[in-house]
Amino acid sequence: MLFTINPDNPQQRLIDKVADILKNGGLIAYPTDTYYGIGCDIMNKRAIEKIYLLKQRHKNQPFSFICADLKNISQYAKVSNYAYKTMKRLLPGPYTFILTGSKLVPKIMLTKRKTAGIRVPDNNICLALVQALGNPVISTSATLPDGDVFHDASLIHDHFGSRLDAVIDGGPVSGMPSSVVSLEDDVPEIIREGLGDIALFE
């Protein structure tokens, strides 16, 4: 099912429909401020396992997930004063922050070191979705197994077909990866340089 949603003013009726699909264990594709992402409710283990199969990814590589805002992040991760101030300056934006997960995060979403990658993208559609669902949403790029990125929602819809329960067409996205920064123990470490400016950490 392909939903066309306005990226500036997402239609709440359509957001609620997609949130219901997530609540029922569905997999969706949706726009972010970097790539189109593929996701599900992080509280639905069966849906998460389907994404591992879809992405042909090993279970020891957890997916990152999207929170609605900083307050939401503090429910799912341990956020120090330093991490809070840093993220407040940069979010919403094209960053993935590595933080120690809280007890609310399912084990399947954590690394062996109990960390998680958390995003608050600068995209109204995915933030509205997380708010409507009430839980964070997995964020993994909509790519082919060889890493080729889909820039167009209709191509994602054609390629994945019935393996996705909904695809949101939110118009063009940048097609660049997020910058990944670990804020563990208040020692910032740049894991990947992407779209987000990392000058603050250098």
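Predicted model: local features only at pLDDT ≥ 70, side-chain atom pairs only at ≥ 80, totals over all residues.
1. The chain contains 6 helices and 10 strands, and its C-alpha trace spans about 45 × 35 × 30 Å along the principal axes. A compact globule of 202 residues would have a radius of gyration near 17 Å, and the chain, with 16 Å, therefore agrees with that expectation. Of the 202 residues, 52% count as buried. When contacts with a separation of 6 or more are considered, 65% of them are accounted for by residues 24 or more positions apart.

2. Strand β7, which covers residues 137-141, deserves a careful look, because 4 of its 5 residues are buried and the strand is therefore largely enclosed by the rest of the structure. On the pairing side, β7 runs antiparallel to strand β3 (residues 36-39), to which it is joined by 2 bridges, and within this pairing Gly37 has Ser141 of β7 as its bridge partner. Strand β7 also pairs in the antiparallel sense with strand β4 (residues 64-66), here over 3 bridges, and in this case Ile66 stands opposite Val137 of β7.

3. Which strands each supply at least two residues of the lining of the largest pocket? They are β3, β5 (95-100), β6 (115-119), β7, β9 (179-182) and β10 (189-192), so that the enclosed strand β7 is also one of the contributors to this lining. The most is given by β6, which provides 4 residues.

4. The lining of the largest pocket consists of 30 residues, and those that lie nearest its centre are Ser64, Thr96, Ile98, Val180 and Arg192. Sorted by class, this lining has 14 polar, 10 nonpolar and 6 charged residues.

5. The second largest pocket has a volume of about 150 Å³, and the residues that line it are Lys78, Thr100, Gly101, Ser102, Lys103, Val105, Lys107, Leu110 and Lys114. By class, the lining of this second pocket has 4 charged, 3 polar and 2 nonpolar residues.

6. If residues up to four places away in sequence are left out, Asn72 touches Cys67 and Val130.

7. With a relative accessible area of 28%, Thr111 is partly exposed. The C-alpha atom of Thr111 is separated by 32 Å from that of Pro7, a residue 104 residues apart from Thr111 along the chain.

Technical notes. Residues numbered from 1 in each chain as written. Heavy atoms only, no water. Buried < 20%, exposed > 50% of the residue type's maximum accessible area, 1.4 Å probe, protein only. Pairing = 2+ DSSP bridges. 1 Å grid on protein atoms, 1.4 Å probe; cavity = no way out; pocket = protein on both sides within 12 Å on 5 of 7 lines; lining within 4 Å. Nonpolar A, V, L, I, M, F, W, Y, C, P; charged D, E, K, R; others polar. Points joined across faces, edges and corners; volume = space filled by probe spheres on them. Contact = heavy atoms within 4.5 Å. Rg over C-alpha atoms; globule rule 2.2 N^0.38 Å.
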